[in-house]
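Please open the structure in a viewer and follow the selections below in order.

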Amino acid sequence: MSSAAPVRWIATCPDDTKGVLVDELLALGVREPRAIYRGAAFEAPLELGYRAHLWLRTASRIQRIVADLPAGSAAALEAAAAAIPWSAWLLARVPFAVSPILTDAEAKSLGEPAVRGAVASAIARSFAAAGLPAPRCDGEADGAVTLVAHLRGGVCTLGLDTAGRALHKRGWRLPGHPAVLKETLAASVLLLAGYDGSEALLDPMCGSGTLVIEGAYLALHKAPLIHRGKDDFGFEHQAGFDRALWRRVSEQARAARLPAPLAPLFASDVKPEFVDLARKTALRARVEKHISFQVASLYDVQPPAPQGLVVANLPYGERIGRGQFAALYQEMGRTLRERFQKWRAALLVPAAAPGDALGLRPRREVALMNGALEVRLLLFEP
Ligand SMILES: C[S@@+](CC[C@H](N)C(=O)[O-])C[C@H]1O[C@@H](n2cnc3c(N)ncnc32)[C@H](O)[C@@H]1O
């Protein structure tokens, strides 16, 4: 396939951040991305598709769409899928897994094993008809590529997972903090707050440093997935992988990085061990020299620049005592009112947090999920 021919893609994300994902796609130059349930669908040539894998900060995964097939019955699905020239999509030496997503009653009545079986048999038949050895269907196999079978309204959309590992796995996370934000959620928080790297950024409760590290990537125009290992993306193990094009796209991404951030970045936490962890994590992410770290309580932190954005993921009630929880929220409110009057602020708090303890009225609130926890992003302007 010519690298300029359009390819259909779906990037997935939590449903509440799909607007941010659509904006990211537009900024990458994708034309008319469409928000769908838990993601965005778009068409883009292979080159732009590869670029999306390196640059999308808020996508969980990406699929390259193979086809929409009739799926009124398992037999109909198998017949339609067998007509696809699967050797253009899958390599005989790489096993594959079929992951059914059955969204309505009709799809559920087929059942996962029947859908999996229909797609696997169709692939074997297609390779056999072409006189070629077929890949093994084995979801347990190391390095298996995943074929997502999404059924709705009698139609099965088959998509190859081209991300491989989930895209929040940037390649720099270290263990050691009990309440880390997912990298993709941290990026969503920053983008929802309108942070583009051109103003000072401070996380005064940085924990392992996720927010400030994602912030540094934005401020350096650095592609968030650039440090993934070789062979880490799903598309590297699928037919039609254009290694030369991928190398070129990766090199362009490396060249786009600025030598220094557009504006300074600061991070602090009351616990020295977390500041140490954040620094080590930033070192792995190769942004450590661009962030000023400090061990400090929120109660003592001073504005490190005349204005900027304070971003913080406040501790949750279960992890600290209820009384301390209220006191901390009051202190955060007081800190913003008295010391950070010229700063904007973006605070991620549990939905159940006593918002009025902050004593500040947010300009905007966004409901988000942090894993299974309902949270709110409170956005304040000076
Ligand atoms: C929910 S965690 C932040 C996690 C972080 N976003 C991450 O991804 O690793 C909240 C952090 O607030 C810190 N913290 C609690 N009380 C504090 C205070 N008074 N001053 C500064 N940091 C505080 C905790 O040590 C903890 O690391």
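**Helices on the sheet**

Select helix 1 (residues 18-28), which lies across strand 1 (6-12), strand 2 and strand 3 (39-45) and runs at about 15° to strand 3. Helices (H or I, at least four residues) and strands (E, at least two) are DSSP runs, numbered from the N terminus. Axes are lines fitted to C-alpha atoms, for helices over the stretch in contact, with angles from 0 to 180 degrees between N-to-C directions; contact requires C-beta atoms, placed from the backbone, within 7 Å. Next, select helix 3 (residues 74-82): this helix packs on the sheet, touches strand 4 (61-70) and strand 7, and makes about 110° with the direction of strand 4.

The model is predicted: local features need pLDDT of at least 70 and side-chain atom pairs count only at pLDDT 80 or more, whereas totals for chains, interfaces and linings use all residues. Residues are numbered from 1 along each chain as its sequence is written.

Now display the open, mixed sheet, whose 7 strands follow the order 2-3-1-4-7-6-5; strands pair if DSSP finds at least two bridges between them. Strand 2 (34-36) and strand 5 (96-102) are the edges, each pairing on one side only. Strand 6 (residues 145-152) pairs with strand 7 (residues 155-161) in the antiparallel sense over 6 bridges. Select His150 to find Thr157 of strand 7 opposite.

**The domains**

Colour domain 1 (6-161) and domain 2 (183-220 + 262-380), with bounds from an automatic or database domain assignment. Their C-alpha centres are 37 Å apart. At the interface, 8 residues of domain 1 are in contact with 9 residues of domain 2.

Key:
Two residues are in contact if their C-beta atoms, placed from the backbone, lie within 7 Å.
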